[in-house]
Amino acid sequence: MDRLAMFLPSVGASIVLIVIGQLIVPGFMSINNISSILMTTGLLGIMTIAQNTAIMSGNNGIDLSVGSVASLTAVVCPLLVSDTVGELLFAFLVAMLIGVAIGLMNSVGIQAFRIPPLIMTLIMGSVVDGAKLFVTKGSPATRISPILQSVSDPVIQPFRILTIFAVIMVVLAELMLHRSRFGRALLLTGDNPGAAAICGINTKLVGGAAYAISGGFAGIMGLFLAGYAGATTMSMGSSYTLLSVAAVAIGGTDLAGGKGSYVSCLVGALVLTVLTTILQALNVQEGVRLIVKGLILILIMVVNIYSHRRKS
Amino acid sequence: MRRPLSYYLRKLLKWSALPAFLLMAASFLIVKYLITGTNINASYITSFLNTNTAVICMSIGVTAVILTGGIDISLGALVSLCNVVAVQLMMHGVHYLPALIIVLLMAVAAGAVNGAVVSYLHVPPLLTTFATQTVFAGLALTVMRVPGGRIAGECTSFYYGKLFGFLPPTILFILVPVVIWKIYRRSPEGTRLYAVGCDEGKAFLSGINVERCRMFAYCFAGFCAGMGAIAYTFYVSAGDPDLGNSLDMRAISAAVIGGVSLSGGYGDVAGGIFGCLFFGMLTNMIVSFKVNVFTQNLLEALILLAGVLMAIAVRNRSMSLKGGLKREGQ
Amino acid sequence: MIVECRNISKSFGGIHALKNASLTLNDGEIRALLGGNGSGKSTLIKVASGLIRADAGEIFIDGKPAKITSPKASKRLGIVSTAQELSILPNLTVGENITLCSIPRRRTGLVDRGAIRARSLAVLEKLGIADVIDTPVGSLPVNKQYLIEFAKAMYQSFDILLIDEITSALYREDVAVVRSILNEYRAQGKIILLISHRLQEIYDMCDSVTVMRNGEIIETCDLQTADEQYLLSLMIGEDYRGVRESDRSEHAGELSQEAFITVSGLPIPKYGTAVDLTVRKGEIIGVAGLQGHGQSDIVRALHGMNGPVRITMNGSPVTIKDPIQAVKHGIAFVSGDRENEGAFKRHDLAANISAVCDIVLRRRLNSVEEALRSVNTKYDSEQQNITSLSGGNQQKVLFGRWMQTQPQLLLADDPSKGIDMQARGEMRSLLYSMADQGTAMIIVSSDEEELALLCADRSNAKVIVMYEGQIVRTLRGAEVTRQNITAATLANGGKNG
């Protein structure tokens, strides 16, 4: 019952926004538009898997480096793909490993040096940005191979390859959360680290793994992002950091840790994507778009915090 | 009362800003003696301060916020916003004096928004300022789409002139926030702010108005950002909506290296100032290595990371020795 | 002056902490507030001091309604309280802490540091601890920290003083000083309300006592005429003697002779001492002592919480590096600090009770329902959040969590803190049945009464008493009485060699 309640705000908000979209923007409900919205949602959804894991791990968990990690893999990994599926899979593996490596560095800082996650991941994000510029000397991968771009190909409209992969990953993540020992240990650690340690849970390992997972999914997302966009720019992934936090908050995850749902975050991603699409269709200038995004984020936060405070 | 030398020595070692001070001194010496081609004269100091005033002001403001146990990553965007508003006002014929007053009031109001959302809507400071950062950046872009514009000539000539014959006027923009802070710190409300930062619940039990202390910290941070923005505006004589983007990291890292505890209640603004001076000289050092700009960037970020790691590790150790009740990250 | 609480009610979620509590206090009175856990006494004090807002009811001072909306407002009305969990701050000096509620200022508006020092010295001198003025607060021993908390209250001008459980952390000398100061306040016509669970102190310090139970005020008695048994029966709601006999198990338990776990040189860091201990299978060892004399260190160290410890288990040497290894070796740890070390507040009963078994030991519970019933938990559904249960029931779930692991060694650090009499009796029975099945246990408790109930007259139980990091006394069989235990915890009482 309680789990269902987590979904209601985001599902409700999606429906409201879609209705508004249909009213304001002509052709909103076209198959193509919906397909595109779902694909972008899937993209953001992969990022929310990363962010949700970090936030649920507790200890004021958050991963502000996910955007930078995605930008890094977006500009670097496409180089590994020329034309075979094998190379594509390999590139994804490398992207994931890069993300995991960065995530592990975050873990070391957070677990071993006891640096608050917000500071550690914030600084790590800068370091990763610097590394990205250093490695690419300012010029990103110039050519995205067609096979990478095919992630945006439709399978059965309105579902595209990327969308389906994203949904599968989210569902698998949700199953892992509730069915696997690690997932349950993660929730307990995020809920009450002191109690979890006494119970014999290796909280350092669990907390550390959370950021490795976060980094890994951010890395994967970066490569998908490159394929989706068909071209790469230096800071492609940066806006996704904020969006992933917003989506996780809409998804009803307790920002203090210990409670959340990946599927709910995916719905949260849907809400945000619909919102962004409407804003883009209205042709507002970038400044106004940023203002609206920021205000909506505050609103989402307030609702999220309020609903969790009411429970305690 | 006569106290032995060892008493003062022990007090010095416990000074939270000591590591930052030493780093600053060391980097100063390295730049002065080891880096060829630098002549540390008055004009060097002036130009050094001119470049760094904005980030120094930001670090003063962010220290106040961190002392309450919060954080503010919106100050960089606020600096950009103040900058473009000042330029636009002056370009539209507003006299510089009221224009600057308006900008300062706006900066304090922006800080008040942060403070209000944190204190009354109970949104965590990181997420709040994450959101307001976007809002301020968006407002800056709306006010001025691309960099450009110009400001009143009096401002430029004031800034590039001399105070009392030898001081760079940019010092004023740093001194005013510092003086305000020092007075506040020595007032009863200052003690209360430190109490709030250490343990909000216990401060509340002691009859302290927690929200009021927080509001001051965030408004003061906004004011500092405003002062830094005005200084920077005078410096470049133009507006740039993206200028503050990278300054947040520096300001916060400088404060952390300066000894402020991220959980609140410990530290002071002096450390942050030393931290900024250290970073400023560090940049000069790295530039002199004559590597490409990307390597410079990466080096700076890595040193930032190392500095913060060390500062927090030192902080944790001294907290557990003092028998303090809290550690970073808890 | 008359202070009246009329029909104060307060609920937290589904738990009724206060039900129509009404109380009258007159000036020049020291009233005790007595009751078990869930009695509402702490809640009542929190309402009066502005920390909590009551759902219904009002407080009247001299007939006028008092609007107590925050601690600040309550202080303005002349009500000052001490906090059970201390409100002093480690980042401020002793003087700053004492004067925090009304910081002296100069004419310029800045803080008057000289006045802070002088005035706080005056208060500290009254308490006889003027020497701590320059000590960092964080390095003070617990009893002095509580005295500073009291000093903080003394510094403020009040008509009404609410003391929430201060004496449990104080030494005997400190309590005497506090008593004389309270007597002075009484002579000045102030009203004092004191929460304590120590009947002896209540009789020493107070004139009258109000007994509460289950959120209701039961009765107010004059301490000259009411005796201990009567007060206890008011607190429990049934004949006290009855409860005592009913939880005695049939078999007093037999003690195996061979050592199960031996540890030598277990360090007590605060005192720089080390302790040797031997535990047998099925043995119940109660550990008593004044707060902070090393008892907690023993159980925490054995659970690997204070760094690696070397023990001998069943004859072979074992190193316990951390709680992870402790659990794998069949050690369990029940903490009295539910908030930080026990309850997973965002999880339901099923997750809470199966936490250790499920995740660490990889043994799925056969039935969550069975597990919950085995500790007599009162609940509606396995899926309900643990915070919807009362404190006592929550503690039972946590207890059940460890019982399910079928531990070889059960360690507990004040597990019955804040638990009502009924629940305590039930937990005692559980401990007896576990001991009968061979579980060894070391139970630390700050409640000497509780230890006496647990360990008296049993061949498989004993009480060891810690003083300043050393075991100074071991009591067995008929020797185990509350008086003997209490006496042994003090340096000068009892037979300490």
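**Reading chain C and C:Glu341**

Reply: C:Glu341 has its place in helix α12 of chain C, which covers residues 338–341, and the model we are reading is a predicted one.

Me: Is C:Glu341 buried or exposed?

Reply: A residue is called buried when its relative accessible area is under 20%. C:Glu341 has a relative accessible area of 15%, so C:Glu341 is buried.

Me: Which side chains make polar contacts with the side chain of C:Glu341?

Reply: A polar contact is a pair of N or O atoms within 3.5 Å. The side chain of C:Glu341 makes one such contact with the side chain of C:Arg300, at 2.9 Å, and another, of 2.5 Å, with the side chain of C:Ser335.

Me: Which residues is C:Glu341 in contact with, leaving aside neighbours within four places in sequence?

Reply: From chain A, the residues in contact with C:Glu341 are A:Asn192, A:Gly194, A:Ala195 and A:Ile198, while from chain C they are C:Arg300, C:Met305, C:Phe333 and C:Ser335.

Me: What does the radius of gyration say about chain C as a whole?

Reply: For 497 residues, a compact globule would have a radius of gyration near 23 Å, and the 24 Å of chain C agrees with that. The C-alpha atoms fill a box of roughly 70 × 50 × 45 Å along the principal axes, and buried residues make up 55% of the chain.

Me: How many helices and strands does chain C have, and what share of its contacts join residues at least 24 apart?

Reply: Chain C has 18 helices and 20 strands, and, among contacts between residues at least 6 apart in sequence, 64% join residues at least 24 apart.

Note on methods:
Residues numbered from 1 in each chain as written. Chains lettered and ligands numbered in written order. Predicted model: local features only at pLDDT ≥ 70, side-chain atom pairs only at ≥ 80, totals over all residues. Heavy atoms only, no water. Helix = DSSP H or I, 4+ residues; strand = E, 2+ residues; numbered from the N terminus. Rg over C-alpha atoms; globule rule 2.2 N^0.38 Å. Buried < 20%, exposed > 50% of the residue type's maximum accessible area, 1.4 Å probe, protein only. Contact = heavy atoms within 4.5 Å. Polar contact = N/O pair within 3.5 Å; in protein donor to acceptor, adjacent residues only side chain to side chain.
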